[in-house]
Amino acid sequence: MAGNKTLETHKDERVSATTDSRKKEMDKVIPEAGELPRAIVRRVVKNKLSQCSHDCDMSVHKESLLAFSESARIFIHYLSATANDICRESKRQTINADDVLKALEEIEFPEFLKPLKASLDENLQIT
């Protein structure tokens, strides 16, 4: 009986070690997949700062860029989930631009509607 307990303990340790190993691998993969490209975040932030402050060239600390990136990622997830809910309520499987526009209203960001519609119209004219 004691031998069985020892075998079970070793088996549990192996399973735990394998699970920990897989968890560490996923921790490495998931943040990289979920991050926004740093160069694009930097460009967007610097572009907006230059519009706000014409007289000087501002630099942005690395931690600030990370905060901007994480904030944008969270916003995108929230907006996507809301647009997905709207899409499902309409008994569809594909999110369209109208779903995103309605989601912006629902999550109370109506100030984004006008610039987004203008951008969508501009891109539709180009193609």
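Tutor: Let's start with the rings: there are 3 aromatic pairs here (Phe, Tyr or Trp rings, using the six-membered ring of Trp, with centres within 6.5 Å). Keep in mind that this is a predicted model, where local features need pLDDT of at least 70 and side-chain atom pairs 80 or more, while totals for chains, interfaces and linings use all residues. Residues count from 1 along each chain as its sequence is written, and side-chain values use heavy atoms, leaving out hydrogens and water.

Helices here are DSSP runs of H or I with at least four residues, numbered from the N terminus.

The largest pocket holds about 660 Å³. Of its 19 lining residues, V44, A72, F75, I76 and F112 are the closest to the centre. (A pocket is an open set of points on a 1 Å grid where a 1.4 Å probe fits, with protein on both sides within 12 Å along at least five of seven lines; lining residues have an atom within 4 Å of a point. Volume is the space filled by probe spheres on those points, joined across faces, edges and corners.)

Who builds that lining? Helix 2 (38-52), helix 3 (62-89), helix 4 (97-106) and helix 5 (113-126) each give at least two residues, and helix 2 has the largest share, with 6. By class, the lining has 17 nonpolar residues, 1 polar and 1 charged. (Nonpolar is Ala, Val, Leu, Ile, Met, Phe, Trp, Tyr, Cys and Pro; charged is Asp, Glu, Lys and Arg; polar is the others, Gly among them.)

Next, see how helix 2 and helix 3 meet. Their axes, lines fitted to C-alpha atoms over the stretch in contact, are 10 Å apart and at about 100°. That makes helix 2 roughly perpendicular to helix 3, as 65 to 115 degrees counts as such. V41, R42 and V45 of helix 2 touch L65, F68 and S69 of helix 3, with heavy atoms within 4.5 Å. Sort this contact by class and you get 4 nonpolar, 1 polar and 1 charged.

Conventions. Axes fitted to C-alpha atoms, helices over the stretch in contact; angles between N-to-C directions. Parallel < 35°, antiparallel > 145°, perpendicular 65-115°, else oblique. Phe/Tyr/Trp six-rings, centres within 6.5 Å; stacked < 30°, edge-to-face > 60°.
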